[in-house]
Number of protein chains: 2
Amino acid sequence: MNRIITIGREFGSGGRELGRRLAEALHMEYYDNEIITEIAKHTSLAEDYIQAVTEKRPHKLYPIRVGRSLLYVKNHALVQSASIFQEQSRILREMAERSDCVIVGRCAEFVLKEYHPFRIFIYAGMESKIRRCREKAPEKERLTDKEMTKQILEVDKNRSEYYSFYTGMTWGDKAHYDLCINSSGIDMKTAVNILAEFI
Amino acid sequence: MNRIITIGREFGSGGRELGRRLAEALHMEYYDNEIITEIAKHTSLAEDYIQAVTEKRPHKLYPIRVGRSLLYVKNHALVQSASIFQEQSRILREMAERSDCVIVGRCAEFVLKEYHPFRIFIYAGMESKIRRCREKAPEKERLTDKEMTKQILEVDKNRSEYYSFYTGMTWGDKAHYDLCINSSGIDMKTAVNILAEFI
């Protein structure tokens, strides 16, 4: 059976960086948005739409785009998004069968549980997340700390709702992970080298 | 400033083993029940009583022992236990000043926050905790899984209540730790060597 590492992450905590570096250190494949791209090919839905849907719980996104009755829209969005989730899960399994890999997000530790992945969750204090977001996206430098905090919390709220919706579990609950890392005070490069050994 | 490592732990997850091995690997002092002994010397209260009080939230223990009005007993136990907590905190700081150390339990990451300890929380699945308890205390082999589960949950409930009572925070909430380790599937010896390097 291939070695699978899954990474759940709070927005701004460095989950993608950790994932990429770990994959590199351990010579494993790395997936995050690539999965979305693959889904897009299969379902022929626009990629940016899928990106948006998979980051938010279905019925929270749809009403903005469609001007019909809320009940109808809710159900419609749910069905469509559920089929995306199914397709996404199928692809995750395909990738897990294909080779050792690191997968960031996408409820992968839940979807791939029969592969016994090593499950990491990475999180951080708000101050640290704001600093990281500013470094990664300089265009956000103009936003105040309060505005940044609001954006970060909003993304995580969506991730949390999406996660509970599809897994029935609480997002970020340490019981579902093998290791939870607070990235607030750590040097990612050093951490990855040691983590690679740990895993 | 001395290096301090604090370890919070679910009952049966191997927190003391992790602590002892880490202290050994990093040549640091190790404290858990020693603290209690030291307190006992200072307050001249019976050691086993202190042991009991510090493992439970004050007013949950006292009524069994004293036959007065509940309100009086509650307040009395609270004051007495609070003074033990104060004394315990003073001793924790004394130890932190004295040398590098690993401290298991005792809300140490909260009490010693100005020392910027490296804060670990160790937890595990119930099956793994039962197995560990049976290995460590063969006399418990006669208990059924159900009885063991009840005992384990009871200890952790007390720890949780004691922790929130004195810190105002949620016990085991990963936000208060740098690293949370699920000991269910890990080999403690290997984990400690790598952890030592990480820290």
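The accessible surface of chain A comes to about 9,800 Å², and carbon and sulfur atoms account for 51% of that surface (Shrake-Rupley method with a 1.4 Å probe; for residues, only the protein chains shown count as cover). The model is predicted, so to speak of local features requires pLDDT of at least 70 and side-chain atom pairs count only at pLDDT 80 or more, while totals for chains, interfaces and linings use all residues. Residues are numbered from 1 along each chain as its sequence is written, chains are lettered from A and ligands numbered from 1 in the order in which they are written, and side-chain values use heavy atoms, without hydrogens and water.

**Select chain A.** Colour chain A by secondary structure to find 9 helices and 5 strands (DSSP runs, H or I of at least four residues for helices and E of at least two for strands, numbered from the N terminus). Their order along the sequence is β-α-β-α-α-α-α-β-α-β-α-α-β-α. Of the 199 residues in chain A, 52% are buried (under 20% relative accessible area; exposed is over 50% and partly exposed in between, with a 1.4 Å probe and protein chains only). Among contacts in chain A (heavy atoms within 4.5 Å) between residues at least 6 apart in sequence, 71% join residues at least 24 apart.

**Show the interface.** Here 17 residues of chain B are in contact with 17 residues of chain A. The area buried between the two chains is about 1,500 Å², 62% of it from carbon and sulfur atoms (accessible area, 1.4 Å probe, that two parts lose on being put together, summed over both). Select B:Lys174, B:Ile194 and B:Phe198, which supply 39% of the area that chain B buries against chain A, more than any other three residues. Strand S4 (118-123), strand S5 (179-182) and helix H9 (188-198) of chain B each supply at least two residues of the side that touches chain A.

**Finish at B:Met126.** This residue lies in helix H7 (residues 126-136) of chain B. At 24% relative accessibility, B:Met126 is partly exposed. Beyond its neighbours within four places in sequence, B:Met126 is in contact with B:Thr149, B:Ile152 and B:Leu153.
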